[in-house]
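Entries are in the order I made them.

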Amino acid sequence: METPTARWRRLLPRTPARWAAVGAALAVLVGGGTWSAVADDGSPAVQREDRTLRMDGVPIDTSYFRAEGSGKRPAVLIGHGFGGSKNDVRAQAEKLAADGYAVLTWSARGFGKSGGEISLNDPDHEVKDVSRLIDWLAERPEVELDGKGDPRVGLTGASYGGAVSLLAAGHDERVDAIAPVITYWNLADALFPDGVFKKLWAGIFITTGGGCERFEKQLCEMYERVAVSGKPDAEAVKLLTERSPSAVADRIKVPSLLLQGQSDSLFPLGQADAMQKAISANGAPVSVDWISGGHDGGDSETGRVEGRVGDWFDRYLKEDTGTGTGPAFRVTRTGGVDSTDGAALLRGASSDTYPGLRSGGRDIALGGGTKTFRNPAGAAPPAISAVPGVGGGLAQLSSLGVGLSLDFPGQFGRFESAPLDSSVRVTGTPTAKVTVKADGDRDAVLFGKVYDVSPDGRQQVLPHQLVAPYRITPDQQGKPIELALPAVDHEFDAGHRMRLVFSATDLGYASPAEPATYTVTAEGPLTVPTAPAVTTAAAALPWWTWGLPAAALVIAAALLITARRRTATPAPDPELADVPLQITGLSKKYAKSVDRYAVRELSFRVEKGQVLGLLGPNGAGKTTTLRMLMGLITPDEGEIRVFGQAIRPGAPVLSRVGAFVEGAGFLPHLSGRANLDLYWQATGRPAEDSHIDEALEIAGLGDALARAVRTYSQGMRQRLAIAQAMLGMPDLLILDEPTNGLDPPQIREMRDVMIRYAAGGRTVIVSSHLLSEVEQSCTHLVVMDRGRLVQAGPVAEITGSGDMILVTTADEVSEPLAEKVAALPGIGSAVRTDDGRGLLVRLDGATTSRLVSDLVRLDVPVTGVGPHRRLEDAFLTLISGGAA
C-alpha cells in the first residue's frame, strides 16, 4: 500500500546528480566540529556537534543533534526567529533528537556567530544556505536517504525560521514536510498591508537586526526610503515579494502544518489563510492551527505546538501511519481564568475541514449613517491598538474581556449594532460595505476595527488589539467598497454590541502628515463569519474532581511502599555516625534500558565542614545522584549513607538534610516570613526546632521578609529558597544550581551564604555550572562525567598539584599535534588552550621533564611550562576524553 509520504514524494521530480554536485562544492571549515553530551539525567543521551560551515565564504554556525543508536533516521532542520540564533531552538532540537531524528540548527546570516549580511531570506543567500545544509545532512551516515544526495528531511521554525521553511520547500525538491509557525506568506503584504506602512514593526525589524548597516544595502536603502516618505513604493513591494514564500507558491507541494498566532499584528491570520489556499491547491495535505499567542505575546502553547509538530513529522517523515496529525483546522479559545494562578484557561475547537475566513456569514445591522472626522496634522496624536513590545499584555487582556485601546475624539467614525439577542462567535474576517470620501484629490488612509461593547456601553474590548489598514485611492472613493476587518476568533455575548470603528490614525502605522477630512457612510450590515462547522471541545473537569482522589491513591501507595522498604533498611554503621555522607558503588540505569547508566559505580565521601562542589557536563548524572541522595529515587546498586544511616524513601535521617533542588514554590501574596512559617508548620515539627531566625540571618534577607514574595527579585527568591532549605539548621545542606538566574552581585551574596553556613561545622553540597564560583566557594570537588567519578579531592589538589601542566608555545598548536601529545606514554590528556597557543596537559605517570623532552622531540616551539590552577581548564581537561 502506498503511504501518504510516498505519494507526495512521487509527485516531485528528483535530480540527485545536481544535488550531489552542490554537496561536493560545500566547504567545511577546517577543524571539524565539537561534540558534547546534552541529555538530561534520566533520558537517553543526545549528542550535540557544534560546527562552522562556510557557504560562499560566509561562516554559518550550526549545531547537530542525534541520540545514541546505529539506525537510520529522518532529519529535521529548525530555523530561529528574527534577531535570534540557533541557541533559541536548542531545547526543541534535543527533544526531536531524543525522539529519533537527526536535527540540525543554524544561525542565519547576520545573526548569532554566523557572518554575512541580513538579506531577509533571499533565495540566493539564506534559502540557498538551507539547501547546502541539506547537502551536509545527505552525507551523514545515520540520516535516512530517499536517493543519492536526497535525505528524508523536514523543516520547522517560528517567524523568520518559519518563512525559510516555506521557501526551502519551494526551492528545494528534497524537502519532504514542513511545519512553519507564526510566519509570513508575503512579507510585502505583512509590512505594507493595502499600501499602508507598518512603521513600528518595520522599525523593530531593523533595530532587532542590529541596525540598518547589518542588512543588505538595497534593503537598508528601501527601508530608509519608505520610512521617510511614509508610503511604500512599487520597488519596495517588488523587493519584499520576491523574497516571500508567495513567490514560489506553485512549487510548495509537501505536507504542511501551518501554525499561526491570534495575538499577532505583525503576521495576522490572513497570512496563514493565503498559505493554506495555495498549498492545498497544489494537492498537498495541509492543516491549520490558530494558537493563542503570537508576535504580540500571549500564550505560545509551546508544549502543544512542539508536540503537534513532532506528530506531523512522525506521520510524514517516519511514515508512521498510526500517528494522528490532528484536525484539518484547530483554534485555541479562552475559557475563563484559573482561580489558582490567574492564567487564562485554554480550550481547543476544531473542524475536519478548513473553514477559511468567511464561512457562515451572518449579517449584523449597523446604525450611524454618515460620519465625518479628521486626520490631524502630523497624524498626531495617533489612536492606539497593538503596541509592539508591550502589545502581548494588551492582546492577552483582550482575550479575557479586558482591554486597552484609544481613539481620539474627532479622529474616528463609529457604527454600532443593537444589543445582540444571543451570543455570536466570530471566527474569521468580518466585512463591511462603506463609501469613503476624502477632501481634495488625495488618498484616504483609514484603520478599521470591531469592538465588543458591554451592555452598559462603558467598556469596549478590541479583540487581540487588531486593526486593518486601508489606503483608498481617489478612483475608489465615492462608491461602495467592501472592506475586510481583522481576522479573529472572538465570542460576543448576548446583550453586547458590535461597534465598527474607522480611525484616521494608528500608532503602529504611518498616516499622511497632511491634515485631511474623511467622510464614511455605512452602506449595509456588518457581515461576520461564524464557521458553524468548528466545534469547541468540552470543558475539562476541575482538576480537584479527579486530582484529589488520584492523589489520595498515590499517597496511600507511597506509604505502603515506603513502609515495606523501611523494613528492609540496613542497620546503621556506627563508624560512620559522624560522616555526613558516604556513597559506595552507586549505580542507576536509564528507564527501560538494560545496559545504559545515568550513574555507574560512583563512590565518594564528604566530611564535616566541607563545601563540596559536584561538577560535570550535562548528562553526567549529577541530578540523578542528588535525587537518590534525598530518597526521591532508589539506586539499582550500591548504597548511600548519611551519618551512618542508609538512605531509603522516608528515612528518619533525612530530617538532618536540607535541600534546594530545581527551585522552590512560594505563595506570591504572602510575605517571605509567612511562607517560611507555613512551610515549617507543614513538616509537623515543633516551632522551636525551626531555628528560623538563625537561617534568616545567614540568608541575609533583612527587611524584605515582611514584603510579599511577588515583589522579590530573582536573587531574593533564591535566598528565600535557601533559607527554607536551612530551616531546622540541617547538618547536610544540598543546593542544586543555587545561582541560576542571578546577576554577579547576587552570585557573590549566594557564595557568602554557603560559606557562612558551613562555618558552623555543617556540610554543604552544591551542584553548579559556574566553575569560577565553585572555585571560590568550595573546599572540595567531585567531578563526574557520563555517570562515573572522574576525580575527587580538595580544590587545590584538582586544579594543580603537579599533574596539571600549562605548556605555552610560540606558534599556534594544531589539533593533530595536540592529539600526538595526548597519545604520549604517561599523558592522561592534552587539549589546546582557547587562543590555540598552548596546551593544557594532564600527567598520568609521566614527569614534567619527560614531557618537555617529548615536546622538543615533536618540534613543539615551547616557550614555557608550569602548573596550571584554573578550575575551568582543569575541569575541561578531566572530561576531555569523555565527549563523543
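**Cysteines**

I began with C778, which has a relative accessibility of 7% and so counts as buried. I'm keeping in mind that this is a predicted model.

Next I asked how many disulfides there are. The count comes to one. The disulfide joins C212 to C220, with the sulfurs 1.9 Å apart. A disulfide is a covalent bond between the sulfur atoms of two cysteines. I looked up the torsion about the S-S bond of C212 and C220: it is about 125 degrees, so this disulfide is right-handed. Both ends are out of the way: C212 is buried at 11% relative accessibility, and C220 is buried with a relative accessible area of 14%.

In soluble globular proteins, nonpolar side chains tend to be buried together.

I clicked on F192 to list its contacts. Leaving out residues up to four places away in sequence, F192 touches F197, M222, V226, P232, A236, V237 and L240.

**Helix α5**

Back to α5, as I wanted its length and its surroundings. The helix has 12 residues and reaches 16 Å from its first C-alpha to its last, close to the 16 Å expected at 1.5 Å a residue. Buried means under 20% relative accessible area, and 11 of the 12 residues of α5 are buried, so the helix is largely enclosed by the rest of the structure. Among the buried ones are Y160, V164, L166 and L167, along with the glycines G161, G162 and G170. What covers them? The cover includes strands β4 (75-79), β5 (102-106), β8 (153-158) and β9 (175-181), plus helices α4 (126-138) and α10 (269-281).

**D122**

I looked for D122 and found it in the loop between β5 and α4. D122 has a relative accessibility of 8%, so it counts as buried. Not counting residues up to four places away in sequence, D122 touches V127, E216 and R243. D122 and R243 are 121 residues apart in sequence, yet their C-alphas are 5.4 Å apart in space.

**A four-stranded sheet**

Further along I traced an open sheet of four strands, in the order β28-β27-β30-β31, with antiparallel pairing. Strands β28 (597-606) and β31 (645-646) stand at the edges with a single partner strand each, so one side of each has no neighbour in the sheet. In the antiparallel pair of β27 (residues 581-589) and β30 (residues 637-642), I noted four bridges. I583 has I640 of β30 as its bridge partner.

Last, a look at the backbone. Most residues other than glycine have a negative phi, and most peptide bonds are trans.

- E301 has a positive phi, near 50 degrees. It lies in the loop between β11 (286-291) and α11 (302-316), and at 8% relative accessibility it is buried.
- E601 has a positive phi of about 50 degrees too. It lies in strand β28, and at 51% relative accessibility it counts as exposed.
- A380 and P381 are joined by a cis peptide bond, with omega about 0 degrees. P381 is in the loop between β15 (370-375) and α12 (391-399).

Conventions
Residues numbered from 1 in each chain as written. Predicted model: local features only at pLDDT ≥ 70, side-chain atom pairs only at ≥ 80, totals over all residues. Heavy atoms only, no water. Contact = heavy atoms within 4.5 Å. Pairing = 2+ DSSP bridges. Helix = DSSP H or I, 4+ residues; strand = E, 2+ residues; numbered from the N terminus. Disulfide = S-S within 2.5 Å. Buried < 20%, exposed > 50% of the residue type's maximum accessible area, 1.4 Å probe, protein only. Expected span 1.5 Å × (residues − 1).
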